[in-house]
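Hello,

Here is the structure we talked about handing over. Please have a look, then read my notes below.

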Amino acid sequence: MEVALTVLAAIGTTLSILKIYQAVLAVIGVFKTKKFKSTKIKKYYGICIAARNEEKVIRNLLESIYAQDYPQERLQIFVVADNCTDNTAAIVRELILSGHDNTTLYEHNNPNERTKGFALKYLFEQIKKDFGIECFAGYFIFDADNVLNKNYITKMNDAFVTDGKAKIFTSFRNSKNTSRNWISFQYAIHWMGTCLAENRAKSLMPLACRVQGTGILFTNELVREGWNYTSLTEDRFFGSDAVVKNYRISYCDEAEFFDEQPTNLKIAWRQRLRWSKGHLNSTAVNCPKLIRNMFRFDDSFFKSYDCFWLNFPTHIESLCRRLISLVLNIIIAAMAANLYGWFIGALATFGLNVAKFWLGGMAKAAFVVTYYRKRLSTPPRFFKTLFNVFMFPVFNLFSRWTMYVALFAHVEWKPIPHDSLMNLDGGDRPQELLVDNKNKKGKK
């Protein structure tokens, strides 16, 4: 049993060493990221939006696209109203009739196909039939609750044209409702932290930046055979498949968009549970492919290696290892008639680990808030920020526990309600609209 404990400890140490490069990436990202030269070349893009019962926010997104400093004649906007039971489609039609003839609406009604992936699959089928996939140099994907900074498409076009190697580009994901409550704050820190700790540095290296479902641009060749990613987390499958095919995924830090975050614990749990179930599915499907790809020993090795750890179920592996260690230690203590002494020691170790976990999470949140203080849509006040930073480890616990539950739970895709808006008239950068929930009146 003591040998088994040594082996388990060695496994944990080995895994930490294999992933230590991630800490190096985080440090590099603090100081540098890839910059793209401006270009006069203006590519023709298709903008794809899947919307299910998004009548409260779809207009805000479309107006932010119409307000871009990029030529509207070089953009074609495609909205798929997916199994909608509200006025989403009617609002889009109204905007089309008001003169926005670069907007096309499709309606997808199939109750057996309810994920965002199925909506995109249907949308690309219609684009291929009505326009031809090659009609557009590349395609953007946005969620209906997004809002774009005024120069977003210009900055992404600069990256698309001048990079020369990448086939997929992701961008800086900010939050529309950072200060709404402590839950939305945690999500904002999570997304910005990913940009800081991963994508900024990876854009400088032969690695694949993380694709996060929205705010992405990719070349038309990736969807010549249609959109084939219909799982609970289509972005994880899309990114992993791109790595297996040795496509480069880059990141444009200057292209900023805003995304609405949940403000309700029940909704947050449901969303995180869906993500966790989708990640476990991705582990089963993509990890074997990525391992095979690593053994090709070509220039895709590092991309595959990094993407493998993105798909690897770290929380599950860690839990299994800790549970086995716990059982073995209890047996050893019982055989030595020292259960009480072991319990006191285990309690002290548990307290120390909790303190390290909590302080580490708080330190990360505090650093991200400080680093991006000028990019927060509406920074919370000082003492509220302190409270939100203190609560960030709760978000990390959500990630862990939803992964455990997802092992056994049956999870279906359900829409996340959205109602947060942004003011597009406050200059080049949108500003959060604070909504009084009592009278539903927006104020700047």
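**Salt bridges and a surface patch**

Lys116 forms a salt bridge with Glu234, with 3.7 Å between the closest N and O atoms. Lys116 sits in helix H5 and Glu234 in helix H8 (residues 234–244), so this pair ties together parts 118 residues apart in sequence. Keep in mind that the model is predicted.

Both partners are covered. Lys116 is buried, at 12% relative accessible area. Glu234 is buried too, at 8%.

Lys116 has another partner. Its side chain meets that of Asp143 in a salt bridge (2.7 Å, N to O). This pair also links distant parts of the chain: Asp143 is in strand S4 (residues 138–143), Lys116 in helix H5 (residues 116–130), and they are 27 residues apart. Asp143 counts as buried, with 16% relative accessibility.

Next, Glu256. Its side chain pairs with Arg429 in a salt bridge (3.0 Å, N to O). Glue between distant parts again: Glu256 is in strand S8 (residues 248–259), while Arg429 is in the loop between strand S9 (422–423) and strand S10 (431–432), 173 residues away. Glu256 is buried, at 4% relative accessibility. Glu256 and Arg429 also belong to a salt-bridge network with Arg200, Asp253 and Arg375.

The structure holds 20 salt bridges.

Now the surface. Met1, Val327, Ile331 and Met335 form a nonpolar patch there, with about 380 Å² of accessible area together. Of these, Val327 is found in helix H11 (residues 314–335). Val327 is partly exposed, at 47% relative accessible area.

Best regards

Definitions and conventions: Residues are numbered from 1 along each chain as its sequence is written. This is a predicted model: local features need pLDDT of at least 70, side-chain atom pairs count only at pLDDT 80 or more; totals for chains, interfaces and linings use all residues. Side-chain values use heavy atoms; hydrogens and water are left out. Patches are made of residues with over 30% relative accessible area and no salt bridge: like charges are joined within 9 Å, nonpolar side chains (Val, Leu, Ile, Met, Phe, Trp, Tyr) within 5 Å. Accessible areas come from the Shrake-Rupley method with a 1.4 Å probe; for residues, only the protein chains shown count as cover. A salt bridge is a side-chain nitrogen of Lys or Arg within 4 Å of a carboxyl oxygen of Asp or Glu. Helices (H or I, at least four residues) and strands (E, at least two) are DSSP runs, numbered from the N terminus. Buried means under 20% relative accessible area, exposed over 50%, partly exposed in between (1.4 Å probe, protein chains only).
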